[in-house]
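I opened the model today to look up a few residues and the overall build. My entries follow.

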Amino acid sequence: SKIMIGSKFGRIINISSVAAKFVTNESASYHASKAGIVSITKLFAKNLGKYNINVNTIMPGFILQDRYKQKFFFKGNKKFRNAIKNAIPSNHI
């Protein structure tokens with residue numbers, strides 16, 4: 001960022017996940033790390049904005065992996081499944 005500050009221009013893009021805001025019982029460390037990326041992005045944006053450095057986070061949505069399909073489509077998992085579907089604008093998984 002020293003080069004960006006010196007040139008008074010820059011773009012920083014961090015990659016997080018919707019897991020930063022949408023928490024499940026899976027992997028607390030994963031959710032915490034993704035939330036940390038969002039938080040540090042806000043900090044960088046606040047501190048580097050005066051140097052014309054833009055800082056953003058891309059937060060990809062839910063991706064249904066093969067290993068989770070059985071659990072995802074289980075009848076008793078309807079509340080979680082609906083929450084995921086409602087968080088996806090296209091409502092398509």
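**Lys34.** I find Lys34 in helix α2; helices are DSSP runs of H or I with at least four residues, strands are E runs of at least two, and both are numbered from the N terminus. This is a predicted model: local features need pLDDT of at least 70, side-chain atom pairs count only at pLDDT 80 or more, and totals for chains, interfaces and linings use all residues. Residues are numbered from 1 along each chain as its sequence is written, and side-chain values use heavy atoms, with hydrogens and water left out.

Is Lys34 buried or exposed? Lys34 counts as buried, at 16% relative accessibility. My cut-offs: buried is under 20% relative accessible area, exposed is over 50%, partly exposed is in between (1.4 Å probe, protein chains only). I listed its contacts, meaning heavy atoms within 4.5 Å. Leaving aside neighbours within four places in sequence, Lys34 is in contact with Ile15, Ser16, Ser17, Ala19 and Ala20.

**Ser17.** I place Ser17 in the loop between β1 (10-15) and α2 (28-48). Ser17 has 8% relative accessibility, so I count it as buried. Which backbone atom does the side chain of Ser17 reach? The side chain of Ser17 reaches the backbone nitrogen of Ala19, at 3.0 Å. I use polar contact for a pair of N or O atoms within 3.5 Å; within protein, one must be able to donate a hydrogen and the other to accept it, and residues adjacent in sequence count only if both atoms are side-chain atoms. With neighbours within four places in sequence left aside, Ser17 is in contact with Tyr30, Lys34, Ile58, Met59 and Pro60.

**Ile58.** I went on to Ile58, which sits in strand β2 (residues 53-58). Ile58 is partly exposed, at 44% relative accessible area.

**His31.** Back in helix α2, I looked up His31. His31 is buried, with a relative accessible area of 11%. Not counting residues up to four places away in sequence, His31 touches Ala19, Ala20, Phe22, Val23, Thr24 and Glu26.

**Salt bridge.** How many salt bridges does the structure hold? I get one. The term means a side-chain nitrogen of Lys or Arg within 4 Å of a carboxyl oxygen of Asp or Glu. Asp66 pairs with Lys69, and their closest N and O atoms are 3.2 Å apart. Asp66 counts as exposed, at 64% relative accessibility. Lys69 is partly exposed, at 37%.

**Whole protein.** I count four helices and two strands. Along the sequence the pattern reads α-β-α-β-α-α. The radius of gyration is 17 Å, well over the 12 Å that the globule rule gives for 93 residues, so the protein is more spread out than a compact globule. That radius is taken over C-alpha atoms, and the rule is 2.2 Å times the number of residues to the power 0.38. The C-alpha atoms fill a box of roughly 55 × 30 × 20 Å along the principal axes. Of the 93 residues, 22% count as buried.
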